[in-house]
Amino acid sequence: MPLGHIGVNVSDLEVSYKYYSDLMDCLGYEIFLTADDQFAIKPAGNKIGTYIFFYPSEKGYEPESAGLQHMAFMLPDRDKVEEAVTIADELGSEIVHLPREWPEYPPPYYACLLYTSDAADEGLGVDLGGRRI
């Protein structure tokens, strides 16, 4: 059974909204809701999948603390991974690992790791992986 939704705290809701709005088409997501105190994205085209809610938080990201460490998006193929990393780079993401094969995961697994451009989420890894199912 797929995960219904997750909530992610960010220190700047507006910056995070712009970041994910610019990237979500490539990730296969669309806006689900927007409000002054949150926004959410969902799988595009009414596909089954995890909704992601974003909430403002005054506390910064602490990678050693309990909580969400990173998010991984599955993309349909290598071209989509390359497209997503290009967009993320243009949005100011720190590209930690360029797209490549990861032999430690079941093949085919072609992915990159990046940090979001939202300084509030500094260190929140986003794994953009292409796997054909």
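Let's start with the helix. Helix α1, residues 13-27, lies across β1, β2, β3 and β4. It runs at about 155 degrees to β2. Axes here are lines fitted to C-alpha atoms, for helices over the stretch in contact, and angles run from 0 to 180 degrees between N-to-C directions. Contact means heavy atoms within 4.5 Å. Helices (H or I, at least four residues) and strands (E, at least two) are DSSP runs, numbered from the N terminus.

A word on the source. This is a predicted model, where local features need pLDDT of at least 70 and side-chain atom pairs count only at pLDDT 80 or more, while totals for chains, interfaces and linings use all residues. Residues are numbered from 1 along each chain as its sequence is written, and side-chain values use heavy atoms, with hydrogens and water left out.

How confident is the predictor? The chain averages a pLDDT of 81, on a per-residue confidence scale from 0 to 100. At least 70 is reached by 82% of the residues. Over residues 119-124 the pLDDT is below 50. That stretch still has 23 contacts in the model beyond near neighbours in sequence.

Now the sheet. Four strands form an open, mixed sheet, in the order β1-β4-β3-β2. Edge strands β1 (5-10) and β2 (29-35) each have a single partner, so one side of each is left without a neighbour in the sheet. From one strand to the next, the twist averages 20 degrees. Pairing requires at least two DSSP bridges between two strands. β3 (38-43) and β4 (51-56) pair antiparallel over 3 bridges. Phe39 has Phe54 in β4 as its bridge partner.

Next, two backbone details. Asn46 sits in the loop between β3 and β4. Its phi is positive, near 60 degrees, and it is not a glycine. The Pro107 to Pro108 peptide bond is cis, with omega near -5 degrees. Pro108 belongs to the loop between β6 (94-101) and β7 (110-115). Most residues other than glycine have a negative phi, and most peptide bonds are trans.

Technical notes:
pLDDT = per-residue confidence, 0-100.
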